[in-house]
Amino acid sequence: MHSAVAVAQINTEQVLNIGRNALYFDDYILAIQYFNQVIAQKPYLAEPYYYRAVAKVSLGDWTGADADASQCIDINPFIRDSYRIRAIARHNSHKFEDAILDYQHCLNDWPNDKDLILNMGMCNMALKRYEQADSCLKWVLERDTTNERVYLAMAQMKIEQADTIGSLDYISRAIDINKSNSQAYLMRCEINYTVVKDTLKALADLDEVIKLEPNKVAYYINRSIMRYQMFDYRGSMADLDYAIALEPENLTARYNRALLRTEVGARNKAIEDYDFVLAHDSDNYPALYNRTMLLINTGQYQQGIKGLDAMLAKDKSDFVALYQRAVLLIDTKQYKLALRDFNEILAKYPNFESGYMIRAQLKQKLGDKRGYESDLETAVGVMKKKGVHYSSFNPLLKERHHSEELYNRRFKQHADKQEREAQAKREEMEQLAARSNSLEESVEDVQKRFSQLLAVDVDNNFTPEVAVESDGFYDEIAGHRRYRSRSRGFVQDNNVEVVPQGQFTLSYYSYDNKLNGRTHFIKEMSQVNDMHVLPKTLTLVSNAMNLTEDELRSRFASVQYFNGLISTAAKPRAIDYFGRAMDYLLLRNVDAAIADATRALEMTPDFSLGYFLRFNARQLKHEMEKSTPAQATQEDAQAQAMLSSQRLKTEYAQMLDDINMVIKLSPRNTYAYYNLAHLQASMEDYSNALINYSKAINLKPDLGEAYFNRGLIHMQLGDKEKGTADLSKAGELGILPSYNILKRMSNSQ
């Protein structure tokens, strides 16, 4: 009631002005919330859709911006700049044909707008229409010879046409105009290094880039490689040291430094770097091999043996590693283990006379006199059969070639893996461009990209920035937009872990979404609160935070209060057990919470909030058990796995029973459907999860968490269109991670 009155009384013009002010200060998320209010009150107004589209463009939500700009145009086609906004959104969505149509529409009103024609040229370039692109770019150059963006666009087109000289000429002109354009230096560096093969010139350009952007780790790693190739080992090491200082967990920098340290003789320090790499990437075979050889060469035999163990675990056919381990085991007087390895060696090479002699000595040391004499006789017999007086056969000569092939294959596999990961973003963009205006992606493509969503290195391909020049919020003088706090402004640039929004759970502590001001409640919760029998007011939260020390102290005191109340009452009430269960839930004493909720339900079987609470407790217990798996010996691992599987089935069944009871008793409980969908998604029952998230949305159309989670499932199933629409709506409703995921899925940085 109160919220409905508040909405009815808002001054839409005033709220619209506040939203425009938020746009000016780059507070796009907050601006969207104000425009949402106006649209909810007066959906027939065009302006709030237009301004919301501007905010979404700034957040990289191209789909949402396209939809809002289109809605604005449908209501009022005479807001001319709405076509520009939609063109920008479609351009960045790789809908190049549609973008060109909107750019052309804008040119009817602004026939001499250089930015429009430049962007239209870039669309034509993406469609491989080089003649039309060249015409657009040259038109701009004739009217503005100081526009560096045009020179870089021309350079990009020359690169695509394999005209190296022409590309370098245009890049140099761009640099003459603006010596602070790092993108131009990067482009020229790449051409000089990969095409012209002039490392000295490439290095000079990279030096300039680092002066302009001194905090990019990738630049120092690349310069280190160039300096190494020019025998500047000191400079190469300095770059790697600085890269690691900037980003201590950068495995490429650590691995490269290990190689360089080995070459300059700092072998123990190289081992430290390899240790770090393997701690974070245990499948890095080159690091494992190099570290093992270093350990052996520095006399750290026991550690070297462990390295050889790991190598043989990956491939038992590595004979050279087996032989090296056998020798090291003898050197470290581990005779039983050495005997094991020589048994395997002689099984493969039964005519290896020296092997029998070595094994004879091992058996002698182990007190096996008969085995000792037998191996000596066998060795003499082999030599007599060969007609030699001394051992001449060396199996390593036979196996060396096989082992080298094995090592080379494993090194290449790792290098190929790194290359694929490093180039993933560029390859996807090239595939999109090749499809031109056909933007249909296969389900497999979407699933693969969504499953990875990796942070990608700097893309050196030139993509001209699209300036949104509406309403004065784009700073033409500064040439960029300002950054605010990490929860505002360009939130799409803050990479997030792709995880669903959490279950809704009962609590006494509210953590509202401050961006949209929404709180969550259900009818039954309000009824309990109206009784004033609990120590605090019940609330409903998603992604609950840990309690503070004072809050924890208060909950412990509340448990003591309920203990006394229940123990002294002639007939304890269900609400008292419910209240103590709430405290136990917040104190993470889940078994006690489940027990008390069960007691409350035994007294009042139609208490829907009791089932909701018990569901919360069981869900929390399930999550806690998953994070601390039971330890099992090798012998009972299989039995443990079977028990764990059965326990999971039982827990899921109990949680499903509880949440279904909530729905049975309260069929319009939005959050019950949401929690049911969340549970089904965790069980990979995606079809039913989608149904129930949709039911939650139908009951509460502004439940951003449901849109977000449903969008993740659509992406996971490969339905990019539905996933993008849901994530866009979730972002509109204040779920910040949506914009980062949209940006990373859009392939347009």
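Are Asp-273 and Arg-257 buried or exposed? Asp-273 is buried, and Arg-257 is buried as well; buried means under 20% relative accessible area, exposed over 50%, and partly exposed in between (1.4 Å probe, protein chains only).

This is a predicted model, in which local features need pLDDT of at least 70 and side-chain atom pairs count only at pLDDT 80 or more, while totals for chains, interfaces and linings use all residues. Residues are numbered from 1 along each chain as its sequence is written, and side-chain values use heavy atoms, with hydrogens and water left out.

**Helix α17**

Helix α17 covers residues 267-280. Helices are DSSP runs (H or I, at least four residues), numbered from the N terminus. At 1.5 Å a residue, the 14 residues of α17 should span 20 Å, and the end C-alpha atoms are 20 Å apart, which agrees. The expected span is 1.5 Å times one less than the number of residues.

The buried residues of α17 include Ala-270, Ile-271, Asp-273, Tyr-274, Val-277 and Leu-278. Viewed down the helix axis, the buried residues of α17 fall within an arc of 160 degrees, so they line one face of the helix. The arc is taken from the directions from the helix axis to the C-beta atoms. Glu-272 and Ala-279, on the other side of α17, are exposed. Among the elements covering the buried residues of α17 are α16 (251-263) and α18 (285-297), where contact means heavy atoms within 4.5 Å.

**Salt bridges**

A salt bridge is a side-chain nitrogen of Lys or Arg within 4 Å of a carboxyl oxygen of Asp or Glu. By this rule there are 46 salt bridges. Three of the pairs are listed here.

| Pair | N to O distance |
|---|---|
| Arg-20 and Glu-13 | 3.7 Å |
| Asp-273 and Arg-257 | 2.8 Å |
| Arg-573 and Asp-576 | 2.9 Å |

Asp-273 lies in α17 and Arg-257 in α16, so this pair ties together parts that are 16 residues apart in sequence. Arg-20 is buried, with a relative accessible area of 18%, whereas Glu-13 is partly exposed at 46%. Arg-573 is partly exposed at 42%, and Asp-576 is buried at 2%. Salt bridges that share partners also join Arg-52, Lys-56, Asp-68, Lys-729 and Glu-732 into one network.

**Cysteines**

A disulfide is a covalent bond between the sulfur atoms of two cysteines. With a disulfide taken as a pair of cysteine sulfur atoms within 2.5 Å, a search of the whole structure finds zero. Cys-136 is in no disulfide, and the nearest cysteine sulfur, that of Cys-123, is 9.4 Å away. Cys-136 counts as buried at 11% relative accessibility, and Cys-72 is buried with a relative accessible area of 0%.

Key. Helices (H or I, at least four residues) and strands (E, at least two) are DSSP runs, numbered from the N terminus.
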